Structures are given as C-alpha cells and as structure tokens.
Amino acid sequence: MKIITVKCLIDNYSYIIFNEKTSIAIAIDPSEADPIITEIEKKNLKLKYILNTHHHFDHVGGNSKLKGKYNCKVAGFGKDKHRIPEIDINLKDGQKWKNELFECEILYVPGHTSGHISIYIKELNALFTGDTLFSLGCGRIFEGTYDQMFSSLDKLKKFPKNTKIYCGHEYTKKNSDFCLHIDPQNPNLINKINDINLNIKNNKPTIPSILKDELECNIFLRTDNLEIQKQLGINSGDPIKTFAKLRDLKDNF
Ligand code: ZN
Ligand code: FE
C-alpha cells in the first residue's frame with residue numbers, strides 16, 4: 001500500500017491510499033475533486049471509497065463529483081451523517097472498519113467540530129488526524145469545548161511514538177512560530193524547525209510528522225509541562241486550563 005499526499009485548495013492536504021497490485025484506492029478528505037481525479041487517472045486507480053474526518057467544506061468538497069464519476073462509497077461519522085455529503089457508510093467511535101484495502105480504527109475526537117473523527121491504520125503506522133491535531137498545533141475549537149478538544153488530543157497522544165501523523169492542512173510553519181514564542185528554549189523544537197525550513201525551501205510538504213516529534217515539540221500536547229504552565233501564569237498545575245489559555249493565545253497570535 002502507498003499513500004499519496006495531494007495538495008488541494010490553498011493549504012489543504014487530501015490523501016489517496018492505494019494498493020499497487022489491485023489498484024484499489026481510497027481518498028481521505030477530498031477537499032476538491034479535480035486534484036484527486038488527476039492522481040487517480042495518472043496511476044489508473046479504482047477509487048472505491050471516500051473517508052471524511054469531518055463535515056467542513058475543505059474536507060468534503062470533492063465528495064459529490066468523485067462519487068458521481070467513480071461510483072465510490074462515502075464513509076464518515078454516522079452521527080454527523082446529515083452534514084457529510086453523499087454519506088453511505090456510518091462509522092462509530094471505536095469501530096474497526098475493514099475495507100478491501102485495510103482495517104482501521106475510528107476515533108471520535110470532538111472539539112473542532114462536534115462530529116470529528118480521526119483514523120488510525122495500524123498496517124500503515126499512520127494516523128489521519130484531520131483538523132484535530134496539526135503538526136505543531138491543533139484545530140480551532142468551533143463546535144466543542146476546551147475539555148473535549150483536550151481529551152481528543154489526549155486520545156491521539158497514546159499511539160506508538162513512531163506513528164506518522166497525516167493532518168488536514170499545511171499550517172506547520174505558522175504553528176512553529178507560536179510554539180517557539182511560548183517555548184523558546186526547547187532544543188527539540190529548534191531541531192524540528194530546521195527540518196521544517198528545509199522542507200519548505202525544497203517545496204516539500206512538512207507532513208507526515210512523527211508522533212514523537214509532536215509530543216516533544218507541539219505546545220498543545222505539552223500542557224502538563226510545569227515550565228510552560230508557569231510562563232503562562234497558571235499556578236493550579238491544571239493542564240486543561242493551560243490548554244485553554246494556549247488555544248486563546250493562538251487564536252489571536
Ligand atoms: Zn475543519
Ligand atoms: Fe480544514
């Protein structure tokens with residue numbers, strides 16, 4: 001199996017996973033149809049499924065056109081079925097969904113939206129986080145609470161450290177500025193930023209990231225760090241309060 005990263009819209013990433021022998025393919029979060037169609041035609045793939053992390057237009061924008069063209073099935077969170085265009089397969093939290101390509105685990109991670117899911121594919125060592133976890137950042141809280149987003153990120157932290165993180169946007173550089181602003185002495189972060197700058201210079205995506213790097217560098221996953229709490233004036237030692245403060249600061253950064 002292979003994963004293709006497809007740039008869409010301004011800074012979105014969609015992904016195509018395919019089997020080289022059978023040519024069967026699945027698209028994750030097709031923001032728009034045309035860049036996906038280009039890849040499908042180029043490699044002569046058979047698009048069988050679309051898998052959506054959440055209902056925002058920049059993640060489902062290609063659903064209708066792709067389904068019309070390839071007659072593929074759309075899978076998404078069942079409780080959000082009224083907002084996911086063309087949905088056929090209603091997924092549940094904790095479900096192991098098996099298709100012709102792989103088995104994956106569905107993780108309900110509310111906060112950015114009330115019906116957001118992330119997808120873990122063990123066989124690929126890959127976690128598709130949508131707009132919940134970004135490299136060096138996390139999604140804005142549009143429909144949920146700080147507590148929900150905090151718990152959702154906590155859920156994603158528990159996968160093996162070498163898990164590859166495939167997220168929905170190329171926000172890494174902007175996110176790194178904020179992490180550095182809060183956590184300027186972090187040597188892991190400084191190393192990571194060097195790698196990011198190199199990728200950007202070579203016109204390459206900064207995605208996938210590795211969970212280990214995120215745990216060491218992503219400020220939103222480091223809210224239990226006493227130094228960071230102190231710097232933000234949180235004396236209670238409460239990681240959720242720290243998270244809320246960081247999220248507010250980032251919204252206005
Ligand atoms: Zn979104
Ligand atoms: Fe998005």
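User: In this predicted model, in which sense do β8 and strand β9 pair?

Analyst: Strand β9 covers residues 117–121, and four bridges link this strand to β8 in the predicted model. One of the residues involved is Glu 105, whose bridge partner in β9 is Tyr 120. The sense in which β8 and β9 pair is antiparallel.

User: Which residue of β8 stands opposite Lys 96?

Analyst: β7 and strand β8, the latter made of residues 103–108, run antiparallel and are joined by three bridges, while a hairpin of four residues leads from β7 to β8. Within β8, the residue that stands opposite Lys 96 is Glu 105.

User: Which strands stand at the edges of the open sheet, and why is one side of each left without a neighbour?

Analyst: The open sheet holds six strands with mixed pairing, in the order β7-β8-β9-β10-β13-β14. Each edge strand has a single partner strand, so one side of each is left without a neighbour in the sheet. The strands in question are β7 and β14 (209–210).

User: How do strand β10 and strand β13 run, parallel or antiparallel?

Analyst: Strand β10 spans residues 126–130 and strand β13 spans residues 164–167, with four bridges joining them. Among the residues that face each other, Phe 128 stands opposite Tyr 166 in β13, and Leu 127 stands opposite Ile 165 in β13. The direction in which β10 and β13 run is parallel.

User: Which residue in β14 stands opposite Ile 165?

Analyst: Ile 165 of β13 also stands opposite Leu 127. On the way to β14, β13 is joined by two bridges, and these two strands run antiparallel. The residue of β14 that stands opposite Ile 165 is Ser 209.

User: How far apart are the centres of domain 1 and domain 2?

Analyst: The domain assignment divides the chain into domain 1, residues 1–98, and domain 2, residues 102–253. When the centres are taken over C-alpha atoms, the separation between domain 1 and domain 2 is 23 Å.

User: How many residues does each domain bring to the contact?

Analyst: The area buried between domain 1 and domain 2 is about 2,700 Å², and carbon and sulfur atoms give 64% of that area. In domain 1, the residues that lose the most area to domain 2 are Met 1, Tyr 13 and Thr 53, which together account for 21% of what that side buries. As for the residues in contact, domain 1 brings 31 and domain 2 brings 34.

User: Which element gives the largest share of the side of domain 1 that touches domain 2?

Analyst: Between the domains, 21 residue pairs are in polar contact. On the side of domain 1 that touches domain 2, the elements that each supply at least two residues are β1 (2–8), β2 (12–18), β3 (24–28), α2 (57–60) and β7 (96–98). The largest share, four residues, comes from β2.

User: How many salt bridges does the rule find across the interface of domain 1 and domain 2?

Analyst: The structure as a whole holds 17 salt bridges, and one of these joins Arg 83 to Glu 143, with the closest N and O atoms 2.9 Å apart. Across the interface of domain 1 and domain 2, the number of salt bridges found is two.

User: Which parts does the salt bridge of Glu 20 with Lys 2 tie together?

Analyst: In this salt bridge, the closest N and O atoms of Glu 20 and Lys 2 are 3.4 Å apart. Because of where the two residues lie, the pair ties together parts that are 18 residues apart in sequence, namely the loop between β2 and β3, which holds Glu 20, and the one that holds Lys 2, strand β1.

Methods:
Residues numbered from 1 in each chain as written. Chains lettered and ligands numbered in written order. Predicted model: local features only at pLDDT ≥ 70, side-chain atom pairs only at ≥ 80, totals over all residues. Heavy atoms only, no water. Domains from an automatic or database assignment. Contact = heavy atoms within 4.5 Å. Buried area = accessible area lost by both parts, 1.4 Å probe. Salt bridge = Lys/Arg side-chain N within 4 Å of Asp/Glu carboxyl O. Polar contact = N/O pair within 3.5 Å; in protein donor to acceptor, adjacent residues only side chain to side chain. Pairing = 2+ DSSP bridges.
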